[in-house]
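Hi everyone, thanks for making time for this.

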Amino acid sequence: MKAKPTKITKMEKRDTYGNTSFIIEFDNGDKGFYTSKTEDQKKFIIGNVADYEIEVKQGSKGPYNKITLPQTDKPAFGGRA
């Protein structure tokens, strides 16, 4: 999917792996949680079209939307055969 983020809210609490979560809202009405290894994620910028995937997950407080970056079709191994 492609859309422009209109609002990005940084969550204060980190997860058990030290990742920072953000709530991202898009101009097409999509909204969900995005988890980043860095505290100042640069993948989603307000006003810039972003390519993303959205998946409904089941959490302890009910279903929620998880936003991820599309997987690239890079080979799993970097060397030659």
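Before I give you a surface number, a quick word on what it is: accessible areas here come from the Shrake-Rupley method with a 1.4 Å probe. With that in hand, the protein chain exposes about 6,400 Å², and carbon and sulfur atoms supply 51% of it. Keep in mind that this is a predicted model.

Okay, the overall layout. Out of the 81 residues of the chain, 23% count as buried. And if you take the contacts between residues at least 6 apart in sequence, 36% of them join residues at least 24 apart.

Now the rings. How many aromatic pairs does the structure hold? There are four aromatic pairs, and I'll show you two of them. Start with Phe 33 and Tyr 64: their ring centres are 6.0 Å apart and their planes sit at 85 degrees, so we call this pair edge-to-face. Phe 33 is in strand β4 and Tyr 64 is in strand β7, residues 62–68, so the pair ties together parts that are 31 residues apart in sequence.

Next, Tyr 34 and Phe 44. This aromatic pair is also edge-to-face, with 4.9 Å centre to centre and 80 degrees between the planes. Tyr 34 belongs to strand β4, while Phe 44 is in the loop between β4 and β5, 10 residues apart, so the pair links distant parts of the chain. Tyr 34 has 7% relative accessibility and Phe 44 has 2%; buried means under 20%, so both count as buried. Tyr 34 and Phe 44 also belong to one aromatic cluster together with Phe 26 and Tyr 52.

Last stop: Ser 36, in strand β4, which covers residues 31–36. Ser 36 is buried, with a relative accessible area of 6%. What does its side chain reach? The side chain of Ser 36 reaches the backbone oxygen of Thr 38, at 3.0 Å. Leaving aside neighbours within four places in sequence, Ser 36 is in contact with Asn 19, Thr 20, Phe 22 and Gln 41.

That's my tour, so over to you for questions.

Technical notes: Residues are numbered from 1 along each chain as its sequence is written. This is a predicted model: local features need pLDDT of at least 70, side-chain atom pairs count only at pLDDT 80 or more; totals for chains, interfaces and linings use all residues. Side-chain values use heavy atoms; hydrogens and water are left out. Helices (H or I, at least four residues) and strands (E, at least two) are DSSP runs, numbered from the N terminus. Buried means under 20% relative accessible area, exposed over 50%, partly exposed in between (1.4 Å probe, protein chains only). A polar contact is a pair of N or O atoms within 3.5 Å; within protein, one must be able to donate a hydrogen and the other to accept it, and residues adjacent in sequence count only if both atoms are side-chain atoms. Contact means heavy atoms within 4.5 Å. Rings of Phe, Tyr and Trp (its six-membered ring) pair if their centres lie within 6.5 Å; planes under 30 degrees apart count as stacked, over 60 as edge-to-face and the rest as tilted.
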